[in-house]
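Here is a short report for a reader who is new to this structure. Look over the sequence and the model first.

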Amino acid sequence: MSGLEINWKILVGQIVNFAILFFILKLLIYKPFLNLLKTRREKIEEGINKSIEAEGKLGELRELKDKMERENDEKKKEVLLKAQEEAKKRSEESAKKAEEEKEALLLKAKKEAEEIKEKEKEATKKQTIENAFILTEKLLKESIDDKKAKEISEDFLSKIKA
Amino acid sequence: MKTEKEISYWSRALYLSLEKNPDNYEAIFTNLKNSLGKKITYLPAIIKKAEMIYNKEKKAKLYLSHKFDNAEIIKKIKEEFKGIDKIEDEIDEDLLAGFRLKTKDILIKASLKDTLIKLKNKIYGYN
């Protein structure tokens with residue numbers, strides 16, 4: 001069995017070589033590789049975390065957006081309602097003003113009509129009085145003779161005191 | 001002194017003297033002539049002016065509505081209004097009845113026309 005003999009020296013040499021090689025590989029390749037893997041895993045985990053965080057923030061933003069949209073809708077409704085109320089108020093005010101002006105005009109017209117009526121009434125009254133006096137004068141002129149005139153003159157004189 | 005003014009003063013003096021002593025008119029005129037001296041030419045103007053003053057002071061105008069015997073009325077007026085010597089009468093048919101007496105100072109409205117005017121003014125509310 002000369003070909004199958006174990007050469008202890010070679011075996012030990014091989015073992016030592018292997019150990020040295022193992023030690024060198026471990027020191028120079030395995031550890032940096034592990035570190036690299038670790039770093040990469042950490043980065044991936046960090047990325048995943050950030051992604052989850054971003055997802056959360058996105059959700060928050062969506063909620064915020066929805067909230068803002070809801071608020072905007074409410075504000076729009078409120079503004080619209082306010083505008084409608086304002087328009088209604090202005091319309092009512094305009095109608096009220098128009099009504100007041102109409103009433104004032106009517107009152108003025110009524111007053112003017114009354115004034116005209118009063119003036120006509122006054123003129124008629126004046127004319128009636130004038131006619132009555134003209135008639136009275138005419139009647140007196142016709143009915144008073146010299147004798148009567150003398151009596152009246154004496155009567156006036158008796159009432160006068162200097 | 002201006003002539004006109006001088007005549008006016010002399011005529012006023014003559015009027016007052018004659019009013020005070022109407023019986024002594026001869027003496028008054030003699031005194032006046034003596035006082036005037038060379039200005040005797042003013043005498044007609046002085047007498048005329050004195051007459052005007054007399055007419056203004058002593059004359060009154062009586063307006064009547066009808067022509068009737070007014071002697072009684074004139075007498076009563078003279079009794080009532082002292083200082084009126086002469087009354088001129090005139091017809092004014094518009095008075096209707098009664099009279100108006102106009103003196104230097106006053107106007108007396110005592111006619112039916114004036115009564116009617118007064119009544120009309122009262123109706124119109126002018127008084």
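This is a predicted model: local features need pLDDT of at least 70, side-chain atom pairs count only at pLDDT 80 or more; totals for chains, interfaces and linings use all residues.

Chain A has 162 residues, of which 2% count as buried. Its secondary structure is 2 helices and 0 strands. Helix H1 of chain A spans residues 8-143. Helix H2 of chain A covers 146-159.

Chain B has 127 residues, and 21% of them are buried. It holds 5 helices and 4 strands. In sequence order, the pattern is α-α-α-β-α-β-β-β-α. Take the contacts in chain B between residues at least 6 apart in sequence: 59% join residues at least 24 apart.

## Where the chains touch

How many residues of chain B are in contact with chain A? The count is 20 residues of chain B, against 18 residues of chain A. On the chain B side, the elements that give two or more residues are H4, E3, E4 and helix H5 (112-124). By class, that side has 13 nonpolar, 3 polar and 4 charged residues.

## H1(A) against H5(B)

H1(A) and H5(B) pack with their axes 11 Å apart, at an angle of about 165°. The two helices are therefore roughly antiparallel to each other. The crossing of H1(A) past H5(B) is right-handed.

Which residues meet in H1(A) and H5(B)? H1(A) brings Ile129(A), Phe133(A), Thr136(A), Glu137(A) and Leu140(A). H5(B) brings Leu112(B), Leu116(B), Lys120(B) and Ile123(B). The residues of this contact divide into 6 nonpolar, 1 polar and 2 charged.

## H2(A) against H4(B)

The axes of H2(A) and H4(B) are 10 Å apart, and the angle is about 10°. That makes H2(A) roughly parallel to H4(B).

In H2(A), the residues that meet H4(B) are Ser153(A), Glu154(A) and Leu157(A). Their partners in H4(B) are Ile73(B), Lys76(B) and Ile77(B). This contact has 3 nonpolar, 1 polar and 2 charged residues.

## A helix pair inside chain B

Helix H1 of chain B runs over residues 3-20, and helix H3 of chain B over residues 43-58. Their axes come within 8 Å and cross at roughly 60°. That makes H1(B) oblique to H3(B). H1(B) passes H3(B) in a right-handed crossing.

From H1(B), the contact takes in Ile7(B), Ser8(B), Trp10(B), Ser11(B), Arg12(B), Leu14(B) and Tyr15(B). From H3(B) come Ala45(B), Ile46(B), Lys49(B), Ala50(B), Ile53(B) and Tyr54(B). By class, there are 9 nonpolar, 2 polar and 2 charged residues in the contact.

## The nonpolar cores

In soluble globular proteins, nonpolar side chains tend to be buried together. Here the largest nonpolar core has 18 residues. Which of them touch the most other members? They are Leu62(B), Leu95(B), Ala97(B), Phe99(B) and Leu101(B). Elements from both chains give two or more residues to this core: H2 of chain A, together with strand E1 (59-64), helix H4 (71-80), strand E3 (98-102) and strand E4 (107-111) of chain B. The largest share, 4 residues, comes from E1(B). A second, separate core has 5 residues, including Leu14(B), Tyr15(B), Ile46(B) and Ala50(B). Those four also take part in the contact between H1(B) and H3(B).

In chain A, Ala97(B) is in contact with Leu140(A), Ile144(A), Lys148(A), Ala149(A), Ile152(A) and Ser153(A). In chain B, its contacts are Ser65(B), Ser111(B) and Leu112(B).

Most residues other than glycine have a negative phi. Leu96(B) is not a glycine, yet its phi is positive, at about 70°. Where does Leu96(B) lie? It sits in the loop between strand E2 (86-91) and E3 of chain B.

Is Leu96(B) buried or exposed? Leu96(B) counts as buried, because it has 24 C-beta neighbours inside 10 Å. The cut-off for a buried residue is 20 or more.

Note on methods:
Residues are numbered from 1 along each chain as its sequence is written. Chains are lettered from A and ligands numbered from 1 in the order in which they are written. Axes are lines fitted to C-alpha atoms, for helices over the stretch in contact, and angles run from 0 to 180 degrees between N-to-C directions. Angles under 35 degrees count as roughly parallel, over 145 as roughly antiparallel, 65 to 115 as roughly perpendicular and the rest as oblique. A crossing is left-handed if the near helix is turned anticlockwise from the far one by less than a right angle, and right-handed if clockwise. Two residues are in contact if their C-beta atoms, placed from the backbone, lie within 7 Å. Ala, Val, Leu, Ile, Met, Phe, Trp, Tyr, Cys and Pro count as nonpolar, Asp, Glu, Lys and Arg as charged, and the others, Gly among them, as polar. A nonpolar core is a set of buried Ala, Val, Leu, Ile, Met, Phe, Trp, Tyr and Cys residues joined through C-beta atoms within 7 Å. A residue is buried if 20 or more other C-beta atoms lie within 10 Å of its own, exposed if 12 or fewer, and partly exposed in between; C-beta atoms are placed from the backbone. Lists of a residue's contacts leave out its neighbours within four places in sequence.
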